[in-house]
Amino acid sequence: MSDASDRAAALDPETLEFLQTVFDLVRAGDTAQLTPLLDHGLPANLTNHRGDTLLMLASYHGHLELTRQLLQHGADPERPNDQGQTPLLGAAFKGDLPMVDLLLEHGADVESRSPDGKTALMMAAMFNRTAIVTRLLERGAQLSARAVDGTSALDAARLMGAADTAAQLEALMDQAL
């Protein structure tokens, strides 16, 4: 058994039920019920069996106010899940510009990477998220960054057929020359 499953097995049924309820509230974006729990010591970096923190789930599901509360209660915007994904990578993938802004304002690294080296800029480019590409570049994302396989944001956009972000990045590269 893994350490996490060993610890879960040691918890009583009521505690396990409470924790399941907490994760359900996060997925639903129930800020009203979760904020008092956070105020009374619920760990803001609590993780589930897949390594998803409350912040990862709240931000991925687009719950801006709950994400703000978690960050204000000390949630780590750089803590990856078991797949190595950070909340910023998820927000870029989902195309959630207000969430990207909030995470960056609270210390998310604009250059954080997935295990294969993809940055949030690459994720945004792949999925044709032009506004997020712009914002990440404004916040210091490196257009020259490469994934482990050597792919750049422009390459990723082209490979995925993301015409708008490919054109956007091509124009930026032309300006740089």
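Tutor: Before we read the fold, note that helices, which are runs of H or I with at least four residues, and strands, which are runs of E with at least two, are taken from DSSP and numbered from the N terminus. The model we are looking at is predicted.

Student: Which pattern does the protein chain follow when it is read along the sequence?

Tutor: The secondary structure of the protein chain comes to eleven helices and zero strands. Every symbol in the pattern therefore stands for a helix in the DSSP sense. Read from one end of the sequence to the other, the chain gives α-α-α-α-α-α-α-α-α-α-α.

Student: What percentage of the contacts between residues at least 6 apart in sequence join residues at least 24 apart?

Tutor: As background, the C-alpha trace spans about 60 × 35 × 25 Å along its principal axes, and 43% of the 177 residues are buried. Among the contacts between residues at least 6 apart, the share that joins residues at least 24 apart is 66%.

Student: How far apart are the mean positions of the positive and negative charges?

Tutor: The accessible surface comes to about 8,900 Å², and 53% of that area belongs to carbon and sulfur atoms. For the charges, the chain carries 13 positive and 25 negative ones, and the separation between their mean positions is 5 Å.

Student: Leaving aside neighbours within four places in sequence, which residues are in contact with L54?

Tutor: L54 is one of the residues that touch the most other members of the largest nonpolar core. With neighbours within four places in sequence set aside, its contacts are V22, F23, V26, L42, P43, A44, L46 and L70.

Student: Which helices do the buried residues of α5 pack against?

Tutor: Helix α5 covers residues 64–72, and its buried residues are L66, T67, Q69, L70 and L71. Just after this helix, G74 takes a positive phi of about 95 degrees. The buried residues of α5 pack against α2 (13–28), α3 (31–39), α4 (54–60) and α7 (97–105).

Student: Which residue caps the N-terminal end of α7?

Tutor: The buried residues of α7 are M99, V100, D101, L102, L103 and L104, and what covers them includes α4, α5, α6 (87–94) and α9 (130–138). Just after α7, G107 takes a positive phi of about 100 degrees. At the N-terminal end, the backbone nitrogen of M99 lies 3.1 Å from a side-chain oxygen of the capping residue, D96.

Student: Is P77 buried or exposed?

Tutor: P77 has its place in the loop between α5 and α6. Not counting residues up to four places away in sequence, P77 touches L55, L71, T86, P87, L103, H106, G107 and A108. The cut-off for burial is under 20% relative accessible area, and because the value for P77 is 7%, this residue counts as buried.

Student: At what distance does the side chain of S112 make a polar contact with the side chain of T86?

Tutor: S112 sits in the loop between α7 and α8, and with a relative accessible area of 4% it is buried. Leaving aside neighbours within four places in sequence, S112 is in contact with E78, T86, L88, L89, K118, T119 and A120. The polar contact between the side chains of S112 and T86 has a distance of 3.4 Å.

Student: What separates the C-alpha atoms of L154 and A125?

Tutor: L154 lies in helix α10, residues 153–159, and is buried at a relative accessible area of 7%. Beyond residues up to four places away in sequence, L154 touches A166, L169, E170 and M173. Although L154 and A125 are 29 residues apart along the chain, their C-alpha atoms are separated by 7.0 Å.

Note on methods:
Residues are numbered from 1 along each chain as its sequence is written. This is a predicted model: local features need pLDDT of at least 70, side-chain atom pairs count only at pLDDT 80 or more; totals for chains, interfaces and linings use all residues. Side-chain values use heavy atoms; hydrogens and water are left out. Buried means under 20% relative accessible area, exposed over 50%, partly exposed in between (1.4 Å probe, protein chains only). Contact means heavy atoms within 4.5 Å. Accessible areas come from the Shrake-Rupley method with a 1.4 Å probe; for residues, only the protein chains shown count as cover. Lys and Arg count as positive and Asp and Glu as negative; His and the chain ends are not counted. The place of a charge is taken as NZ of Lys, CZ of Arg, CG of Asp or CD of Glu. A nonpolar core is a set of buried Ala, Val, Leu, Ile, Met, Phe, Trp, Tyr and Cys residues joined through side-chain atoms within 4.5 Å. A polar contact is a pair of N or O atoms within 3.5 Å; within protein, one must be able to donate a hydrogen and the other to accept it, and residues adjacent in sequence count only if both atoms are side-chain atoms.
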